[in-house]
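Student: I would like to learn how to read a helix and its surroundings in a model. Could we take it step by step?

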Amino acid sequence: MTEPHWTTYLAALLTPTIAFFGASIAYHQWRTAQNKLKLDLFERRLSVYEAARDYLASVLTSGKTSQEAEFKFLSGTRGAKWLFDDAIVQYLDKVLWHKICELGCIQSELEGLPVGEERSRKVHASADIKKWMFEQTSVLDKKFSPYLSLRH
């Protein structure tokens with residue numbers, strides 16, 4: 001009996017070697033797809049955060065709300081229910097939006113209101129809301145930080 005030629009052994013090892021490299025490539029493609037999904041989710045969540053932060057910044061810099069700023073807030077945060085849990089959605093839709101509407105109402109009531117006790121009360125209410133909104137800049141960071149950290 002003769003011993004098999006070394007090429008026979010090489011041919012036998014070729015199939016498992018190719019299978020190993022194919023599995024390795026598939027695994028790396030899967031990891032790349034997972035990382036792409038994380039990045040896409042991060043970008044969408046970041047845009048919601050930026051819409052809320054930009055609204056607060058516009059009120060804090062101009063001292064008043066505007067329909068344009070309100071529209072940007074609403075359009076920027078409309079997809080939050082698909083990206084975040086209920087606590088964030090409730091915060092944006094119920095808490096923050098409620099204060100935005102309240103500030104808008106106070107601003108419109110102040111127009112044409114003569115100087116007096118009623119006007120002073122409304123100005124103080126407006127100032128309280130603006131102080132609350134200033135505090136929300138750090139609250140916003142705390143609420144969104146678990147969703148905006150990229151983990152590997």
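Student: Which residues of H4 are buried?

Tutor: In this predicted model, the buried residues of H4 are Ile88, Val89, Tyr91, Leu92, Leu96, Ile100, Leu103, Gly104, Ile106, Gln107 and Leu110. The cover over these buried residues includes helix H1 (6–62), helix H2 (67–77), helix H3 (80–83) and helix H5 (117–144).

Student: What is Leu92 in contact with, leaving aside its neighbours within four places in sequence?

Tutor: Leu92 is in contact with Val48, Ala52, Phe73, Thr77, Ala80, Trp97 and Phe144, once those neighbours are set aside.

Student: How should I think about groups of such residues, and how many residues has the largest nonpolar core here?

Tutor: The general idea is that, in soluble globular proteins, nonpolar side chains tend to be buried together. In this model the largest nonpolar core has 28 residues, and those with the most contacts inside it are Phe84, Leu92, Leu96, Met133 and Phe144. H1, H2, H3, H4 and H5 each supply at least two residues of this core, and its largest share, nine residues, comes from H4.

Student: Is Ser126 buried or exposed?

Tutor: A residue counts as buried when its relative accessible area is under 20%. Ser126 has a relative accessible area of 5%, and it is therefore buried. Ser126 has its place in helix H5, and, not counting residues up to four places away in sequence, Ser126 touches Leu103 and Ile106, both of which are listed among the buried residues of H4.

Student: Where is the kink in H4 centred?

Tutor: The kink, of about 35 degrees, is centred on Trp97. Just after H4 comes Gly112, which takes a positive phi of about 80 degrees.

Student: Which aromatic residues form one cluster, and which charged residues lie over rings?

Tutor: The structure holds seven aromatic pairs, and Tyr49, Phe84, Phe144 and Tyr147 form one aromatic cluster. As for charges, Arg45 lies over the face of Phe84, at 5.6 Å from the ring centre, while the charged end of Lys99 sits over the ring of Trp132, 5.5 Å from its centre.

Definitions and conventions
Residues are numbered from 1 along each chain as its sequence is written. This is a predicted model: local features need pLDDT of at least 70, side-chain atom pairs count only at pLDDT 80 or more; totals for chains, interfaces and linings use all residues. Side-chain values use heavy atoms; hydrogens and water are left out. Rings of Phe, Tyr and Trp (its six-membered ring) pair if their centres lie within 6.5 Å; planes under 30 degrees apart count as stacked, over 60 as edge-to-face and the rest as tilted. A charge sits over a ring if NZ of Lys or CZ of Arg is within 6 Å of the ring centre and within 35 degrees of the ring normal. The bend at a residue is the angle between axes fitted to the seven residues ending there and the seven starting there. Helices (H or I, at least four residues) and strands (E, at least two) are DSSP runs, numbered from the N terminus. Buried means under 20% relative accessible area, exposed over 50%, partly exposed in between (1.4 Å probe, protein chains only). Contact means heavy atoms within 4.5 Å. A nonpolar core is a set of buried Ala, Val, Leu, Ile, Met, Phe, Trp, Tyr and Cys residues joined through side-chain atoms within 4.5 Å.
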